[in-house]
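Please read these notes with the model open beside you.

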Amino acid sequence: MKLIIAYFRPEQLNAVKQALYAKGVHSMSATNIAGSGRQKGYTETYRGVLIEVNLLKKVRLEVAVKDDKVAETMDAISEGAKTGKEGDGMIFVLDIADARRIRTGETGAAVFG
């Protein structure tokens, strides 16, 4: 079992969801966050004052999948999130030691259906 964590532009969330749905991945959690990476932010003027914006709006998406679905899940996220510009995001894959479905008590890979 793996936990896939992806950070990408908020305007790409619907495209990422549709790409995941097309691959049969329906369970996910999304959180609005602020962060910085290679983009390093930008500066703007507000009421005559120069403001440095270095934490940009992003979405953090978490998807837990069986080991055999990792590659296609990563491909779907990349396909939906890609704009071709710097700041498109990153994907990380972590091992899940165990999982339990609260309602039924199922554990391990059985929680994925």
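1. A salt bridge here is a side-chain nitrogen of Lys or Arg within 4 Å of a carboxyl oxygen of Asp or Glu. The model is a predicted one. By this rule, D88 and R9 form a salt bridge, with their closest N and O atoms 3.2 Å apart. D88 sits in the loop between α2 and β6, and R9 in the loop between β1 and α1, so the pair ties together parts that are 79 residues apart in sequence. Both D88 and R9 are buried.

2. The count of salt bridges comes to five. One of them joins K2 and D95, whose closest N and O atoms are 2.2 Å apart. K2 belongs to strand β1 and D95 to strand β6, so this pair ties together parts that are 93 residues apart in sequence. D95 counts as exposed, because its relative accessibility is 62%.

3. R60 also forms a salt bridge, with E62, and here the closest N and O atoms are 2.7 Å apart. R60 is partly exposed, at a relative accessible area of 22%. E62 counts as partly exposed too, at 26% relative accessibility.

4. Helix α2 covers residues 70–81, and at 1.5 Å a residue its 12 residues should span 16 Å. The end C-alpha atoms are 16 Å apart, so the model agrees with that expectation.

5. Which residues of α2 are buried? They are V70, T73, A76, I77, G80 and A81. These residues cover an arc of only 130° around the axis, which means that they lie on the same side of α2. An α-helix has 3.6 residues a turn, so residues three or four places apart point the same way. On the other side of α2, A71 and E79 are exposed.

6. The buried residues of α2 pack against β1 (2–8), α1 (13–22), β5 (56–65) and β6 (89–95). I77 is in helix α2 and counts as buried because its relative accessibility is 2%, where the cut-off is under 20%. Apart from neighbours within four places in sequence, I77 is in contact with I4, A6, V16, L20, L61 and I91. The C-alpha atoms of I77 and M90 are separated by 9.7 Å, the two residues being 13 residues apart along the chain.

7. On the surface, Y46, V49 and I51 form a nonpolar patch, with about 270 Å² of accessible area together. I51 lies in strand β4, residues 49–53. At 30% relative accessibility, I51 counts as partly exposed.

Technical notes
Residues are numbered from 1 along each chain as its sequence is written. This is a predicted model: local features need pLDDT of at least 70, side-chain atom pairs count only at pLDDT 80 or more; totals for chains, interfaces and linings use all residues. Side-chain values use heavy atoms; hydrogens and water are left out. Helices (H or I, at least four residues) and strands (E, at least two) are DSSP runs, numbered from the N terminus. The expected span of a helix is 1.5 Å times one less than its number of residues. Buried means under 20% relative accessible area, exposed over 50%, partly exposed in between (1.4 Å probe, protein chains only). The arc is that of the directions from the helix axis to the C-beta atoms. Contact means heavy atoms within 4.5 Å. Patches are made of residues with over 30% relative accessible area and no salt bridge: like charges are joined within 9 Å, nonpolar side chains (Val, Leu, Ile, Met, Phe, Trp, Tyr) within 5 Å. Accessible areas come from the Shrake-Rupley method with a 1.4 Å probe; for residues, only the protein chains shown count as cover.
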